[in-house]
Amino acid sequence: MRLILTVLLLWAGSFRVPAQAQQVSARSQFMHVSLDYNRLYFFPAYQNREDVKVEEYMGKSVGLFDSRMLGWEAMSRLLTELSAESWELVNMVANNDEDGNRGAVYLLRRPLPAK
């Protein structure tokens, strides 16, 4: 009898959704950041901009052979800045073309301010 009661309690408890999981999804703001060759795109807009050239963001002028590496360097710098603003990286998906990896799409979230 005790075994049946234990099994029933475990089974019933498996349907509960943790309160913490409910709070995270309901109280978060999300943003997509995309690196596509030599541009960074933001949705929704970040600092009133929907996109920015990597060279402009980094403040450097580089040759074509450096553009991909500069893009990844810019993305690392941007993620560091966003992290300081309480954004956290949730997921990243590579954006490939026939020549290989041309960029990526990043999903970020941060907690909404308490009301």
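Select F42 to begin: with a relative accessibility of 7%, F42 counts as buried, where buried means under 20% relative accessible area, exposed over 50%, and partly exposed in between, using a 1.4 Å probe and protein chains only. The model is predicted, so local features need pLDDT of at least 70 and side-chain atom pairs count only at pLDDT 80 or more, while totals for chains, interfaces and linings use all residues. Residues are numbered from 1 along each chain as its sequence is written, and side-chain values use heavy atoms, with hydrogens and water left out.

A search of the whole structure finds 1 aromatic pair. The pair consists of F42 and Y46, whose ring centres are 5.5 Å apart and whose planes meet at 45°, so the pair is tilted. For this term, rings of Phe, Tyr and Trp (its six-membered ring) pair if their centres lie within 6.5 Å; planes under 30 degrees apart count as stacked, over 60 as edge-to-face, and the rest as tilted.

Next, display the strands. Helices (H or I, at least four residues) and strands (E, at least two) are DSSP runs numbered from the N terminus, and two strands pair if DSSP finds at least two bridges between them. Strand β1 (residues 28-36) runs antiparallel to strand β2 (residues 39-46), and 5 bridges join them. Within this pairing, H32 has F43 as its bridge partner in β2, and L35 has L40. The hairpin of β1 and β2 has 2 residues between the strands, and Y37 there takes a positive phi near 55°.

Follow β2 onward to strand β3 (residues 49-53), which is antiparallel to β2 and joined to it by 4 bridges. L40 stands opposite V52 in β3. The hairpin of β2 and β3 also has 2 residues between its strands, and Q47 in the turn has a positive phi of about 50°.

Return to β1 and select two serines. S28 is found in this strand and counts as buried because its relative accessibility is 15%. Contact means heavy atoms within 4.5 Å; not counting residues up to four places away in sequence, S28 touches R109, R110, P111 and L112. S34 is likewise found in β1, and at 16% relative accessibility S34 counts as buried.

Now select V33, L40, L78 and L82. Of the 19 residues in the largest nonpolar core, these four touch the most other members. A nonpolar core is a set of buried Ala, Val, Leu, Ile, Met, Phe, Trp, Tyr and Cys residues joined through side-chain atoms within 4.5 Å. β1, β2, α3 (54-58), α4 (67-84) and β5 (100-111) each supply at least two residues of this core, and α4 gives the most, with 5 residues. Centre the view on L82: leaving aside neighbours within four places in sequence, L82 is in contact with M31, V33, Y46, W87 and L108.

Finally, select R77 and Y57. R77 lies over the face of Y57, at 4.6 Å from the ring centre. A charge sits over a ring if NZ of Lys or CZ of Arg is within 6 Å of the ring centre and within 35 degrees of the ring normal.
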